[in-house]
Amino acid sequence: MKGPRGAARLGSETLVYSAFVSDRGATVVFAAVIFFASACERTELPVICPDLEVGGLVVTEIRGPQTGADTRGQWLEVFNPTPRPVDLRGLVVRFRPLDGREEERVLVRAAPAVVEPSGYFVLGVDTRCTDGDCAVNLPPDVDYGMGDDFARDLFAEAVVEVEACGTVVDEITYRSLPGEGSRSLDGATSPDAMQNDDLDQLPWCDDQTAPGDGGPMLELGIPGTPGRANRVCP
Ligand SMILES: [Ca+2]
Ligand SMILES: [Ca+2]
């Protein structure tokens, strides 16, 4: 004779039981206790990444290795064209060299890394390693040093993809960078991820404007416009 069955949750354990009355009138209960040890329970970690659509960030400027004395460093500037602040934690930037070498993948991990509406954010090379020896130096104009993932000079030619939660929000290609100053999206136009794909074409130009007069010169090199609107191309 079959009796009641069921399961009961007892804290971190579950009791599964089956009861019936035997031919001899005794109630027989089969029970098994299944343990759900807390160590085996996994909590889903929230995935942190910027919720952006295609075009939700725009690469606006890039400054590569310089030929002369330089303390301003190498960096990539992105612009936020949306009407809201964007937390860049979880953003992925892929540098894919055109010569077939393996890509470098940068994950923005640190907080705060917020770029305001119509604001700019600068990711830069702060670490260089040669034969296991690494030198770390965050350039003065850089908001986020990429050294956890990227410890070398920027590639001479590359595709750069900016990826948010798996969506490529902007992509650019460059085949050379100026040895003085930066490659800069024309400041006369609104930054647009659909209009900036090829750095060899307009509306890109080199920004080789000398640093302004006034005050002591604390840094060496042609600065470009890191963290602010670009100059109008000649
Ligand atoms: Ca683009
Ligand atoms: Ca700029």
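**Exercise 1.** Among contacts in the chain between residues at least 6 apart in sequence, what percentage join residues at least 24 apart?

*Solution.* Start with the source: this is a predicted model, in which local features need pLDDT of at least 70, side-chain atom pairs count only at pLDDT 80 or more, and totals for chains, interfaces and linings use all residues. Residues are numbered from 1 along each chain as its sequence is written, and chains are lettered from A and ligands numbered from 1 in the order in which they are written. Two residues are in contact if their C-beta atoms, placed from the backbone, lie within 7 Å. With sequence separation of at least 6 required, 60% of the contacts join residues at least 24 apart.

**Exercise 2.** State how many helices and strands the chain holds, then describe the open sheet of six strands.

*Solution.* Helices (H or I, at least four residues) and strands (E, at least two) are DSSP runs, numbered from the N terminus. The chain has zero helices and 17 strands. Strands pair if DSSP finds at least two bridges between them. The six-strand order is β13-β10-β5-β4-β16-β17, with mixed pairing. β13 (144-145) and β17 (204-207) each have a single partner strand, so one side of each lacks a neighbour in the sheet. Inside, β4 (58-63) and β5 (75-79) pair antiparallel over five bridges; E61 has E77 in β5 as its bridge partner.

**Exercise 3.** Describe the open sheet of four strands.

*Solution.* The order is β8-β7-β14-β15, with antiparallel pairing. Its edge strands, β8 (104-107) and β15 (167-174), each pair on one side only. Six bridges join β7 (92-97) to β14 (158-164), and P97 has A158 in β14 as its bridge partner.
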